[in-house]
Amino acid sequence: MWAIINFFQILIIFLWTAVCGILTVVLSALTFFNYYQISGFIGRNIWSPVLLFVSGIRVKISGKEHIDTSKTYIYVANHESLYDIPALFNKLPVFVSFLAKKELKKVPFMGWAMMASGYIFIDRSNREKAKESLQKAGEEIKSGKNAIIFPEGTRTKTGKMGLFKRGAFLLSKETGIEIIPISIKGARECLASGSYKIRPGKIQINIGSPISPNNYENTTVEEFANVVREVCLKLRENN
């Protein structure tokens with residue numbers, strides 16, 4: 001029975017993502033609105049609510065008061081599931097752009113929508129290209145674009161929070177942009193990495209206070225990353 005339900009859920013999600021992707025591309029091309037605002041509006045109000053409803057997933061959020069909506073931040077979150085993205089789109093009080101690996105550009109509909117939405121793509125083929133990608137990300141954040149980074153680099157396969165890679169924290173130190181720590185819990189139970197078994201459930205998002213890189217000038221990037229990871233771990237324990 002679940003296999004049949006999941007088939008129709010995946011079909012609806014794919015078609016809806018395609019529709020929203022095309023809508024984003026068309027509106028970005030035909031209007032004078034900022035593509036970042038268009039994609040943010042569609043992601044929050046059109047795309048993510050339908051995906052979450054079809055999947056039977058509820059999202060709760062706490063700590064929004066820590067976000068000054070007049071400022072831009074680097075948002076750092078653990079990565080449990082593909083549902084992390086619609087959950088964050090739906091509940092964060094600001095429009096956001098995700099950092100994604102450049103290979104996703106090639107995915108039909110989704111890749112087109114991501115490009116039209118102003119996603120920041122990271123070329124991880126070598127260190128020099130990755131560094132250039134991060135520099136571009138810093139320029140876009142300074143220009144007013146909020147960015148979300150999953151510093152584990154991939155979805156957890158065990159349910160435990162992995163080590164945080166240095167990219168987001170190097171970017172924060174070099175630009176002086178504050179980090180907003182976020183914990184996500186429950187998304188893996190809704191859809192685990194490598195699985196097509198969607199299950200109804202609850203995703204809890206907890207947001208912490210901004211962390212300024214200026215307070216960690218005398219620490220290494222790796223030490224700064226570990227500090228933020230510990231904050232995310234503590235946030236994840238608070239439900």
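How many aromatic pairs does the count come to? In this predicted model, the count comes to 6 aromatic pairs.

**Aromatic contacts**

A pair of aromatic rings is described by the distance of the centres and the angle of the planes. One of the pairs is formed by F7 and F8, whose ring centres are 5.3 Å apart, with 80° between the planes, an edge-to-face arrangement. F7 has a relative accessibility of 51% and counts as exposed, because the cut-off for that class is over 50%. F8, at 46% relative accessibility, counts as partly exposed.

Another pair consists of F169 and F224. The centres of these rings lie 5.8 Å apart and the planes stand at 80°, so this pair is edge-to-face. F169 belongs to helix α6 (residues 167–175) and F224 to helix α8 (residues 221–237), so the contact ties together parts that are 55 residues apart in sequence. Both F169 and F224 are buried. Ring pairs also join F164, F169, Y216 and F224 into a cluster.

A contact between a charge and a ring is found at W2: R199 lies over the face of W2, at 4.3 Å from the ring centre.

Strand β3 spans residues 97–101 and contains A100. Of the 5 residues of β3, 4 are buried, so the strand is largely enclosed by the rest of the structure. A100 itself is buried, with a relative accessible area of 9%, because burial requires a value under 20%. The C-alpha atoms of A100 and A18 are separated by 18 Å, and these residues are 82 residues apart along the chain.

Which strand does β3 pair with over 3 bridges? The partner is strand β4 (residues 120–122), and the pairing is in the parallel sense. Within β4, I122 stands opposite K101. β3 is also joined to strand β5 (residues 147–149) by 2 bridges, and these two strands run parallel. Here S97 stands opposite A147 of β5.

**Helix packing**

Two packed helices are described by the angle between their axes and the distance between the axes. The table sets out two such pairs.

| Helix pair | Axes come within | Crossing angle |
|---|---|---|
| α5 (residues 127–142) and α6 | 10 Å | roughly 55° |
| α2 (residues 35–55) and α3 (residues 84–91) | 8 Å | roughly 120° |

The axes of α5 and α6 cross at roughly 55°. That angle makes α5 oblique to α6. The crossing of α5 and α6 is right-handed.

For α2 and α3, the axes cross at roughly 120°. That angle makes α2 oblique to α3. What is the hand of the crossing in which α2 passes α3? The crossing of α2 and α3 is left-handed.

**A residue of helix α6**

Helix α6, which holds F169 of the aromatic pair described above, also includes L171. Is L171 buried or exposed? L171 is buried, with a relative accessible area of 3%. L171 and K145 are 26 residues apart in sequence, and their C-alpha atoms are 14 Å apart in space.

Terms used
Residues numbered from 1 in each chain as written. Predicted model: local features only at pLDDT ≥ 70, side-chain atom pairs only at ≥ 80, totals over all residues. Heavy atoms only, no water. Phe/Tyr/Trp six-rings, centres within 6.5 Å; stacked < 30°, edge-to-face > 60°. Buried < 20%, exposed > 50% of the residue type's maximum accessible area, 1.4 Å probe, protein only. Lys NZ or Arg CZ within 6 Å of the ring centre and 35° of its normal. Pairing = 2+ DSSP bridges. Axes fitted to C-alpha atoms, helices over the stretch in contact; angles between N-to-C directions. Parallel < 35°, antiparallel > 145°, perpendicular 65-115°, else oblique. Left-handed = near helix turned anticlockwise from the far one by under 90°.
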